[in-house]
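This report concerns the nonpolar cores, the overall dimensions and the surface of one protein model. The sequence and structure are shown first.

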Amino acid sequence: IIKRTTDNYRRFRNTLRYLLGALDGYSRAEVVDYAAMPDLEKWVLDRLATIDVAIRKMTELYDFHGIFSELHQFCNSDLSAFYFEIRKDTLYCDDKSSKARRACRTVMDAVFNRLTAWLAPILCFTAEEAWQSRHSDIENSVHLRCYDPIPTEWHDNDVAERWSQIRRVRQVVMSALESARNDGRIGASLQAAPTVYVSEDMLRAFAGQDAASLFITSSAILTTDTAPADAFRLEAINDVAVGFSLAEGEKCARCWKISLEVTVARDICDRCYNAVAKLA
C-alpha cells in the first residue's frame, strides 16, 4: 500500500516538476489565442474543460478520492505518456518564437494553474511548493485560490472524437515500435519509419497532422491500402496494422531525427539549422 501510494505521489510531483521546467522564462507575451492553436493543444484544453466539470461536482460532494483518481489518470495517461512525450521535441528543438512552441507553453501554463488548484486540497504542501516555485509570493498562496474558470470554447466534442481515433492508432504503433525494440531491429523509435494501415475515418482524423511527430518516429506513412499479412496488429484494435521499416538518411546531431537533409558538411537537419541560426 505504501509503495503504491509513493508511486502515485511521484507521478503528481514529477508532472509538476516537468511543467515548472518547461515553463521557465514563460511570459504573457508568448500567449497564443485559442483559434490559432494546433489541434493537439486544443485537445488538451478540451480535456481540462471536461475534467473541470467532474472535479467541481466531486468537490461539492467532498469526494477527494474521486478527484485523486481523475487527476492521476490525467497526469499519467494524458500528460506524461501522451502530450509531454509528443511535445518534448517541440519544446527542446523548435525555434523559441515558433507558434507551435508558444502554443505548447500557453497550454502548459493553463494546465499548471488548474492542476495546482485541483491538487491543493489533497497534496497541500506539494501544491503550495510548486505554486511558490513559480510565483515566489507568500501572500499569494495556492490555498487562497479558487478554481479558474474554463472558457466556453475549450469544450469541443469534434476535437475529442478526432483525438480518440488518433490515440487508438498511436497505441498500435507504439506497441509495434516496442516489439521492434525487443527484437533488436531498432534501438530508439526515431530510427523507424512505419507504414500504418488505417480505415478511412482514421485517415480523416489525421488530416493536417504530422503523424511522425505523434508516433515519435523520423517519418511515417498512413494509408488505407490492405495491410500485408505480416503487419503488426493488436487484438483489441483490429482495424489498424503497422508495417515496419527503417528511416532513411543520417541522424541529426541536435534533434536526433534521421533525415536525408543531414549531410557530412552539415550534421543537423533544416529545422535545427534555422533554429540554431537565430541563436547566433
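The largest nonpolar core of this predicted model contains 69 residues. Within this core, the members that touch the most others are L71, Y83, M108, V169, V196 and F215. Leaving aside residues up to four places away in sequence, L71 is in contact with F12, I51, I55, L115, W118 and L119. In soluble globular proteins, nonpolar side chains tend to be buried together.

The protein comprises nine helices and six strands. Its radius of gyration, 20 Å, is close to the 19 Å that the globule rule gives for 280 residues, so the protein is as compact as a globular protein of that length. The C-alpha trace spans about 55 × 50 × 40 Å along its principal axes. Among contacts between residues at least 6 apart in sequence, 71% join residues at least 24 apart.

The following table collects overall values for the protein.

| Property | Value |
|---|---|
| Buried residues of the protein | 46% of the 280 residues |
| Accessible surface of the protein | about 14,700 Å² |
| Carbon and sulfur atoms in the accessible surface | 52% |

Where do the charges of the protein lie on average, and how far apart are the mean positions of the positive and negative charges? For the 35 positive and 40 negative charges, the mean positions are 3 Å apart.

Note on methods
Residues numbered from 1 in each chain as written. Predicted model: local features only at pLDDT ≥ 70, side-chain atom pairs only at ≥ 80, totals over all residues. Heavy atoms only, no water. Core = buried A, V, L, I, M, F, W, Y, C linked by side-chain atoms within 4.5 Å. Buried < 20%, exposed > 50% of the residue type's maximum accessible area, 1.4 Å probe, protein only. Contact = heavy atoms within 4.5 Å. Helix = DSSP H or I, 4+ residues; strand = E, 2+ residues; numbered from the N terminus. Rg over C-alpha atoms; globule rule 2.2 N^0.38 Å. Areas by Shrake-Rupley, 256 points an atom, 1.4 Å probe, with all protein chains shown as cover. Lys, Arg positive; Asp, Glu negative; His and termini not counted. Charge placed at Lys NZ, Arg CZ, Asp CG, Glu CD.
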